Amino acid sequence: MIDWQKYNDTFQWYGKDVEIELIGILKEEYDDSIAKIARNVAERDFEQLKFNTHSLKGSISNYHAPEPVE
């Protein structure tokens, strides 16, 4: 799922500690993001849905995983 060559090209400059921290942040925020998106759909709040899906897409795209970004 992850394009490891692009991932390594991006994260080679950060070091493992920063990389682990960034992954931890994504993991911590993921469930909340999905809950917000589900709430936006249920409430038909398309403006917030657009914002929240775009934010999640941006977070995931940092890891060069094209399938989830689609």
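This is a short tour of the chain, from the whole fold down to single residues.

The model is predicted, so local features need pLDDT of at least 70 and side-chain atom pairs count only at pLDDT 80 or more, while totals for chains, interfaces and linings use all residues. Residues are numbered from 1 along each chain as its sequence is written, and side-chain values use heavy atoms, with hydrogens and water left out.

**Whole chain.** Start with a cartoon view. The chain has four helices and zero strands, in the order α-α-α-α. Helices (H or I, at least four residues) and strands (E, at least two) are DSSP runs, numbered from the N terminus.

**Core.** Next, select Ile37, Leu49, Leu56, Ile60 and Ala65, the five residues of the largest nonpolar core. Helix H3 (residues 46–61) gives the largest share of this core, three residues. A nonpolar core is a set of buried Ala, Val, Leu, Ile, Met, Phe, Trp, Tyr and Cys residues joined through side-chain atoms within 4.5 Å. Buried means under 20% relative accessible area, exposed over 50%, and partly exposed in between (1.4 Å probe, protein chains only). In soluble globular proteins, nonpolar side chains tend to be buried together. In this chain, buried residues make up 17% of the 70 residues.

**Leu56.** Which residues does Leu56 contact, leaving aside its neighbours within four places in sequence? They are Tyr30, Ser33, Ile34 and Ile37. Contact means heavy atoms within 4.5 Å.

**Ala65.** Move on to the loop between H3 and helix H4 (66–69), where Ala65 sits. Ala65 counts as buried because its relative accessibility is 6%. Apart from neighbours within four places in sequence, Ala65 contacts Met1, Ile2 and Ile60.

**Glu19.** Finish in helix H2 (residues 16–43), at Glu19. Is Glu19 buried or exposed? Glu19 counts as buried because its relative accessibility is 11%. Beyond its neighbours within four places in sequence, Glu19 is in contact with Tyr7 and Phe11.
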